[in-house]
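I set out to record what I looked up in this model. The entries follow in the order in which I made them.

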Amino acid sequence: MPEGDSAGESIHGKPSAIGNFFKRLGQIYQSWLDKSTPFSAVRWAATLILTAIYILMGMFLHFLLQKGWYIVTYALGIYHLNLFIAFLSPKVDPSLLDDPDEGPELPTKQNEEFRPFIRRLPEFKFWHSATKGIIIAMICTFFEAFNVPVFWPILVMYFIMLFCITMKRQIKHMIKYRYLPFTHGKRTYRGKEDTAKTFAS
């Protein structure tokens, strides 16, 4: 009996050890994400470096191996475009509100109440999702199944056309509901300095 119990504990102990390992790994990953939150410039610089590496990989595969994984690159471009539109969009769509004055527009007058722009996709989540997309696209280039033969100039033209149409619609939406996707912070006013002198009695 004791041997059976010990054997059962060892069998059931393996999933627990694996689960604890991935849990610990997730905690370390989240800890590094939390530490990188204030360093937005460094984070985006690393993402741009990854993007440059991916572009160089694509050029190498295209010119030397005649393989481009164009569908992967096209899907990555569409994914990044959707993230960018969500980054520029307000959290609450003004067109769905009954009162247009309740929308997330920024103040247009000096004495108007300050209302910061709240994004549908925050900057950190935008960076995190964009970076994960690039890494996943890099991994996909190692699998021949994703190398679907396609006439890539059509994909480029279609992506440019889709980008122009989407951005035009987004700019019209910004003009119509009078909001800007960038907030520079609340303006502060300094009071007059106290220039009174103290005289000794």
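**Entry 1: the largest pocket**

I looked up which element lines the largest pocket, and α2 gives the largest share of the lining, twelve residues. The model is predicted: I required pLDDT of at least 70 for local features and pLDDT 80 or more for side-chain atom pairs, while totals for chains, interfaces and linings use all residues. I number residues from 1 along each chain as its sequence is written, and side-chain values use heavy atoms, with hydrogens and water left out.

I recorded a volume of about 890 Å³ for the largest pocket. A pocket is an open set of points on a 1 Å grid over the protein atoms alone where a 1.4 Å probe fits, with protein on both sides within 12 Å along at least five of seven lines; lining residues have an atom within 4 Å of a point. The volume is the space filled by probe spheres set on the points, which are joined across faces, edges and corners.

Of the 31 lining residues, I noted Tyr54, Ile55, Thr73, Tyr74 and Gly77 as the closest to the centre of the pocket. The elements that give two or more residues to this lining are α2 (40-63), α3, α4 (123-140) and α5. Helices are DSSP runs (H or I, at least four residues), numbered from the N terminus.

**Entry 2: α3 against α5**

I next examined α3 (residues 70-88) and α5 (residues 152-176), which pack at an angle of about 5° with their axes 11 Å apart. The axes are lines fitted to C-alpha atoms over the stretch in contact, and angles run from 0 to 180 degrees between N-to-C directions. That makes α3 roughly parallel to α5 (angles under 35 degrees). Residues of the contact (heavy atoms within 4.5 Å) include Tyr74 and Gly77 of α3 and Trp152 and Phe159 of α5.

**Entry 3: single residues**

I checked Arg43, which has its place in helix α2. Arg43 counts as buried at 4% relative accessibility (under 20% relative accessible area, 1.4 Å probe, protein chains only). Not counting residues up to four places away in sequence, Arg43 touches Ser36, Thr37, Glu123, Phe124 and Trp127.

How values were computed:
Angles under 35 degrees count as roughly parallel, over 145 as roughly antiparallel, 65 to 115 as roughly perpendicular and the rest as oblique. Buried means under 20% relative accessible area, exposed over 50%, partly exposed in between (1.4 Å probe, protein chains only).
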